[in-house]
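Subject: Structure for you to look at

Hello,

Here is the structure we talked about, with its sequence. Please open it first, then read the notes below beside it.

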Amino acid sequence: MKKILSTVIAVGLMGSASLTAATIEAKKSGDLNKITPVSKEWMAAKASEVILYPQTTLKMNDKEANVLNKDNKAKKAMVRALYSGSEIAFLIEWPDGTKSVQQGYKSATYADGFAVQFASKTVVGELPYVGMGSKGREAVIHLQKAVEKTYEPNGNGDVSMQVSRKQTNAFGDDLKAFDKKVDELANRDYQRVFIGEGFRSMTEIKGEDLKSTADMEHTGKTWKGSLVRPLKDDYMDASGDATAVVFAVWDGDKKNRDGLKLLSSWTAVSMGAAADNALLLSLDDKVEGDVKRGKELAEMNCASCHQYTGAEMAPAYMAPNLSNIGGYSTAAYLIESIVEPNAVVVPGYNRNAHKNFEWYMVDDKGNRTSTMPPFGHLEQKDLMDIVAFFKTMKAEVE
């Protein structure tokens, strides 16, 4: 099946021997260790437009958040990349007029943030599932959030020196002195790095293994986020002339968290790669298919379980909602999902609340299989027509 699937993907995708608008052209640079979101070195790199789409596969169990995000549009982000002999760095800038910072003393506040995802191994046509990786295809995910300053005198997360501004004995000169210490010694970094290989496998990378640096700066109208990490370490290898990344952003003002976010599809990054590089061509994502006929075939084969824009006959979340699937999924992933749905088994909607809509089954050995049957019987033209249609399923860009 894997050989057949690889052949279908190779034949079905059309790529031209030139870099597309979605390809990020990284600029060779010197030492990147001191790069920040406002470093002048970024100006040497070309800014590439990357579209971030609303993730609508699931709906949050939060009425207010759902209302706030009901009509989300896609956003344009500008991305620059630098690389040295040993490191790669990204700067992502996206529109957000409100600065939302995570506050440790409030449980109902959410932070603005961004994430960058890499493939542990970059294999053409077999990139990991966005957000959590997939079996045999590990993903490394860097997450950065905007947080309030926390006074940690010893740098070890010790917050015993925190004071309440409402305490009657903390006022005047005492409070000014404390604020000065916070400005001098506070840690306002929230950087997390995870590695995942599918369902419930996300593991945080900590300690000496954490060799990346990330930061965020708000300009008043936009956020700028930077990330610097090794091209190659124990968790991933991006040391070739091309790699692939995924970007995601969260808007705390809209109560974004977890899967409620905007994200891109896998995006090619060229580090001096030739225009006919196989990875660059595979992420060009041009599909040779008849969109109109694909819409008709999707109604016959997909709409009884999946909802998507223009088709809402299926019960809500009986299967993943596909309304923005064309924005954050590659054509290769769509092909694989149709032909071999067991390749990636994802968590479903709330199984306790909707027991009839389980997205996977578990056998006696704990193996999960998708409840979606494989559609390997489809003729190649039918398959590519369906994929061409679903690639049009994406929100309008604001």
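This is a predicted model: local features need pLDDT of at least 70, side-chain atom pairs count only at pLDDT 80 or more; totals for chains, interfaces and linings use all residues.

Start with alanine 316, which is partly exposed because its relative accessible area is 39%. Buried means under 20% relative accessible area, exposed over 50%, and partly exposed in between, with a 1.4 Å probe and protein chains only. Alanine 316 sits in the loop between α5 (291-301) and α6 (325-328). Helices (H or I, at least four residues) and strands (E, at least two) are DSSP runs, numbered from the N terminus. Leaving aside neighbours within four places in sequence, alanine 316 is in contact with Gln307 and Phe357; contact means heavy atoms within 4.5 Å.

Residues are numbered from 1 along each chain as its sequence is written, and side-chain values use heavy atoms, with hydrogens and water left out.

The chain as a whole

The chain has 398 residues, and 47% of them count as buried. Its secondary structure comes to eight helices and 18 strands. Among contacts with a separation of 6 or more, 72% join residues 24 or more positions apart. The accessible surface is about 20500 Å², and carbon and sulfur atoms hold 50% of it. These areas come from the Shrake-Rupley method with a 1.4 Å probe; for residues, only the protein chains shown count as cover.

The cores

Which residues touch the most other members of the largest nonpolar core? They are Trp266, Tyr308, Leu383, Val387 and Phe390, in a core of 46 residues. A nonpolar core is a set of buried Ala, Val, Leu, Ile, Met, Phe, Trp, Tyr and Cys residues joined through side-chain atoms within 4.5 Å. Helix α8 (residues 380-390) gives this core its largest share, seven residues. Another core lies apart from it and has 33 residues, including Leu52, Trp94, Ala146 and Leu262.

Not counting residues up to four places away in sequence, tryptophan 266 touches Gln117, Phe118, Ala119, Leu127, Pro128, Val130, Ala244, Val245, Val246, Leu283 and Thr330.

Helix α8

Nine of the 11 residues of α8 are buried, so this helix is largely enclosed by the rest of the structure. The buried ones are Asp382, Leu383, Met384, Asp385, Ile386, Val387, Ala388, Phe389 and Phe390. Alanine 388 belongs to this helix and counts as buried because its relative accessibility is 7%. Not counting residues up to four places away in sequence, alanine 388 touches Val287, Gly289, Asp290 and Val291.

A strand and a loop

Valine 269 is in strand β15 (residues 267-270) and counts as buried, at 0% relative accessibility. Leaving aside neighbours within four places in sequence, valine 269 is in contact with Ile24, Ala26, Ile88, Phe90, Asp241, Ala242, Thr243, Val245 and Leu280. Valine 269 and aspartate 241 are 28 residues apart in sequence, and 8.5 Å separates them in space, C-alpha to C-alpha.

The loop between β13 (242-250) and β14 (262-263) holds lysine 255, and aspartate 258 also lies in the loop between β13 and β14. Lysine 255 has a positive phi of about 65° although it is not a glycine. Aspartate 258, not a glycine either, has a positive phi of about 50°. Buried or exposed? Lysine 255 is buried, with a relative accessible area of 16%, whereas aspartate 258 is exposed, at 60% relative accessibility.

Cavities

How many cavities of 30 Å³ or more does a search of the whole structure find? There are three. On a 1 Å grid over the protein atoms alone, a cavity is a set of points where a 1.4 Å probe fits but cannot get out, and lining residues have an atom within 4 Å of a point. Grid points are joined across faces, edges and corners, and a volume is the space filled by probe spheres set on the points. The largest cavity has about 50 Å³ of space. Its lining includes His142, Val193, Asp209, Arg229 and Tyr235.

Regards

Note on methods: On a 1 Å grid over the protein atoms alone, a cavity is a set of points where a 1.4 Å probe fits but cannot get out, and a pocket is an open set with protein on both sides within 12 Å along at least five of seven lines; lining residues have an atom within 4 Å of a point.
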